[in-house]
Amino acid sequence: MSDHPLKTLIEAADRSISAGDFEGLMRFYTDDATLVVKPGMYARGKDQIKRAFEAISAHFDGQLKVRQGKMEVIEGGETALVVMETWLDSADEDGAAISTVRRATYVFRREPAGNWLCAVDNSYGTTLLDS
């Protein structure tokens, strides 16, 4: 599935996150999107999602880099479920590199113009069930 248009879209969103371009990042979301900030905490709508990404970036001292691994896209009508490896690269307090991999799930909606927008952003995937 590496050539699916959603791969390119998600990679562009990751570049926005890594660069701290949260205003630009909002163009990837539906107006009523939901972001899983952490298990049990959700940001709803673009304003909350933008503030959540700003807080996440501040938590990582602006050092968070996001990249994707393997990906599967399952389309049904104008909706797509994306299951993929999401790599989060950062540094600890001493500057040592830390890489965390998650098995994320995303739900995208195809707009009437044909473009895809993220409606649900869950980088925690099924680990939400572990808590």
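**Notes on the predicted model**

1. Asp61 sits in the loop between helix 3 and strand 3, where helices (H or I, at least four residues) and strands (E, at least two) are DSSP runs, numbered from the N terminus. Although Asp61 is not a glycine, its phi is positive, at about 50°. Asp61 is exposed, with a relative accessible area of 64% (buried means under 20%, exposed over 50%, partly exposed in between, with a 1.4 Å probe and protein chains only).

2. This is a predicted model, in which local features need pLDDT of at least 70 and side-chain atom pairs count only at pLDDT 80 or more, while totals for chains, interfaces and linings use all residues. Residues are numbered from 1 along each chain as its sequence is written, and side-chain values use heavy atoms, with hydrogens and water left out.

3. The largest pocket holds about 730 Å³ of space; a pocket is an open set of points on a 1 Å grid over the protein atoms alone, where a 1.4 Å probe fits, with protein on both sides within 12 Å along at least five of seven lines, and lining residues have an atom within 4 Å of a point. The volume is the space filled by probe spheres set on the points, which are joined across faces, edges and corners. Of its 38 lining residues, Ile56, Phe60, Leu64, Leu88 and Arg102 are the closest to the centre.

4. Among the elements that each supply at least two residues of this lining are helix 1 (5–19), helix 3 (45–59) and strand 4 (79–91).

5. Leu81, placed in strand 4, is partly exposed at 34% relative accessibility.
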